[in-house]
Amino acid sequence: MRIDRQQAFSGTMAPDIEQEALAAYLGQHVDGFAGPLVLQRFKGGQSNPTYLLSTPAKSYVLRRKPFGRLLPSAHAIEREYQVTAALAQAGFPVPRPLHLCTDPSVIGAAFYVMAHVEGRVFWEPHAPGLSAGERRDLFHSMNATIARLHGLAPAALGLSGFGKPEGYVARQIRRWSEQYRASETERIAEMDRLIGWLPEACPADSGASIVHGDFRIDNCIVDPVEPRIIAVLDWELSTLGDPIADFTYHLMQWFMPVSETGAGVGSLIGHEHDPGLPDIQSYIAEYCRRTGRNGIPDLPVYMAYNFFRLAAILQGILGRVRDGTAANAEAAAMARQVRPLAETAWRFAQEAGA
């Protein structure tokens, strides 16, 4: 049975953390916080569970690490807090972070609290319900937002030590190969081939910038009325690295295998001719104009790498299902995309000469 992604992932459900202890802690550590607190958990999201905190005066959002055993270096909410604090100071559209708690005894896991940004989240990349003009303007806004991110100088934001930009793609290939093996639940021939081929095929660095790592429409909050991005969410995978690797990850929506259940990552396949939706070549050209680039060499290699990386990320979700730490009720269904993603990655690898 195919789910309605917008309905399945929108809204909230009952929380799974102790409300009174949290309210007492926030009253001591967040300026202006005053209960009573009403706590609800957002349905969407796969990695770090996220909650809406409502009080009589204002609302907040909390993100925590999952409970239980975690993969090494995963669920790095401390890094999310660091990068969003710097970006908020620079005026980039992110929810303003308010407090980081690394003491797991408060609610059972480390967490941070940020300001609540009121707006819309589209769980389908074609942004259903918009007019042609609104859809066109929203895609222009996404393009401008990721181009703006890649134009920021990390050192000017105090983020020169946020990562090692040199050799970013090579390190990502190595990291996600290791993470994939750590959470592997079945043999997928294409993943084995990619793990062998990608290290030798990865392109030279195209530059160095802050990279989001998971930039897509459902990780953005859209203004309640206007078709523009007002906040970018989910900075768990952010670091310093190759901006073209980050942008080509964003391009995967044009090639994303369609999930049989609807629980997987959204796809533009079947919506290429929706009114106002830009074609991929014009979208690439727009980004290149904004960032002063003359096209994207090695595009098939970047796409192979990104589809491999996403397959490894979703395999990690399946590993958390196995270990009982998955954050989303649809996690098992979403993880069924691992094999189609691997097959898509290998097709791009063959296009690149593998």
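Begin by selecting N219, which lies in the loop connecting β7 (209-211) with β8 (220-222). The model on display is a predicted one.

Display the surface around this residue. N219 has a relative accessible area of 8% and therefore counts as buried, the cut-off being under 20%.

Next, show the side chain of N219 together with the backbone of D214. The N219 side chain comes to 2.8 Å from the backbone oxygen of D214. Then extend the selection to the surroundings: leaving aside residues up to four places away in sequence, N219 is in contact with H212, D214, A231, V232, L233 and D234.

Now turn to the sheet. Which order do its strands follow? The open sheet consists of six strands, arranged β1-β2-β3-β4-β6-β5 with antiparallel pairing. Select β1 (12-13) and β5 (97-101) to see its edges: each has a single partner strand, so one side of each lacks a neighbour in the sheet.

Two bridges join β1 and β2 in the antiparallel sense. Highlight M13 as well; its bridge partner in β2 is R41.

Colour helix α2 (residues 19-29) next. Helix α2 packs on the sheet and touches β2, β3 (50-54), β4 (59-64), β5 and β6 (111-115). The direction of α2 makes an angle of about 65° with that of β6.

Finish with helix α3 (residues 77-89), which also packs on the sheet, where β4, β5 and β6 are the strands it touches. Viewed against β5, the direction of α3 makes about 155° with that of the strand.

Note on methods
Residues are numbered from 1 along each chain as its sequence is written. This is a predicted model: local features need pLDDT of at least 70, side-chain atom pairs count only at pLDDT 80 or more; totals for chains, interfaces and linings use all residues. Side-chain values use heavy atoms; hydrogens and water are left out. Helices (H or I, at least four residues) and strands (E, at least two) are DSSP runs, numbered from the N terminus. Buried means under 20% relative accessible area, exposed over 50%, partly exposed in between (1.4 Å probe, protein chains only). A polar contact is a pair of N or O atoms within 3.5 Å; within protein, one must be able to donate a hydrogen and the other to accept it, and residues adjacent in sequence count only if both atoms are side-chain atoms. Contact means heavy atoms within 4.5 Å. Two strands pair if DSSP finds at least two bridges between them. Axes are lines fitted to C-alpha atoms, for helices over the stretch in contact, and angles run from 0 to 180 degrees between N-to-C directions.
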